[in-house]
Amino acid sequence: MPNQLHGKKYRAAEKNRDVAAAYQPAQALEIVKKSAFAKFDESVEIAVRLGVDPTHADQAIRGTVVLPAGTGKKVRILVIATGDKAKEAEAAGADMVGAEDYVAKIREGFLDFDVLIATPDQMGKLGSLGKVLGPRGLMPNPKAGTVTMDVTRAVRETKAGKIEFRVDKAGNVQAAIGKVSFDIGALETNFTAFMDQIIRMKPASSKGVYIRNVSVSSSMGPGVRIDPNPYR
């Protein structure tokens, strides 16, 4: 019986995969590319179900990874810094650099940036903006490398393809690892870098199977399961 919750293009895309099968990464990514039907360059997204309990602080997986082939997205970076650190940020390629001026603009509703980096001495100025920045994932955080004195490295890595990820309440980690316009080699390289980082972050207190399920999809397309056994 046709899935009436989705349109004809989605239902046609579903036919490219065997819902009961678990594919190798390259095969799954090929299917994702073949199944993309939107008129824009869809993101390729990964979802990993982890065997962790996010209510335990030591199992609340959160980190970053630099995708070797980049994200395929132009990232707008705002750096909150002063003096020499502001100059460093500008030299490294930050799109916007400032301090009190940008804090005031954010307070007034300015959010035209994708990543916010700040030096530790400036975090006091951003504290009152937690309700604005937090829900959007824009609040700088030391674990994500966005609160740092090494603004040059932070800006360059972000421009080069660094992404942040964190486990949700259900134990899932999701992230975009490229675009459907990427070739398979680039997508597989990014996929491997992401999975390697997730595996490295396995908490010592996590018991049982750590990598439970892995799937990839395009922004609008159906998910394609990947065999999780090599990662267990």
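In which sense does strand β1 (residues 43–50) pair with β8, and over how many bridges? The two pair in the antiparallel sense, over seven bridges. This is a predicted model: local features need pLDDT of at least 70, side-chain atom pairs count only at pLDDT 80 or more, and totals for chains, interfaces and linings use all residues. Residues are numbered from 1 along each chain as its sequence is written, and side-chain values use heavy atoms, with hydrogens and water left out.

**Terms for strands and helices**
- Helices (H or I, at least four residues) and strands (E, at least two) are DSSP runs, numbered from the N terminus.
- Two strands pair if DSSP finds at least two bridges between them.

**Antiparallel pairs**
- A hairpin of five residues joins β8 to β9.

**P222**
- P222 sits in the loop between β8 (211–218) and β9 (224–226).
- P222 is buried, at a relative accessible area of 3% (buried means under 20%, exposed over 50%, partly exposed in between; 1.4 Å probe, protein chains only).
- Leaving aside residues up to four places away in sequence, P222 touches Y10, A13, E14, R17, V216 and S217 (contact means heavy atoms within 4.5 Å).
- K207 is 15 residues from P222 in sequence and 30 Å away in space, C-alpha to C-alpha.

**Parallel sheet**
- Three strands form an open sheet with parallel pairing, in the order β4-β3-β5.
- β4 (96–98) and β5 (115–118) are at the edges with a single partner strand each, so one side of each lacks a neighbour in the sheet.
- Neighbouring strands of this sheet are turned by 15° against each other on average, direction ignored (axes are lines fitted to C-alpha atoms, for helices over the stretch in contact; angles run from 0 to 180 degrees between N-to-C directions).
- β3 (residues 77–80) pairs with β4 over three bridges, and V79 has V97 of β4 as its bridge partner.
- Helix α4 (residues 100–107) lies across β3 and β4, at about 110° to β4.

**Largest pocket**
- Among the elements giving two or more residues to the lining of the largest pocket are β2 (62–66), β5 and β6 (162–166).
- The lining residues divide into 13 nonpolar, ten polar and eight charged (Ala, Val, Leu, Ile, Met, Phe, Trp, Tyr, Cys and Pro count as nonpolar; Asp, Glu, Lys and Arg as charged; the others, Gly among them, as polar).
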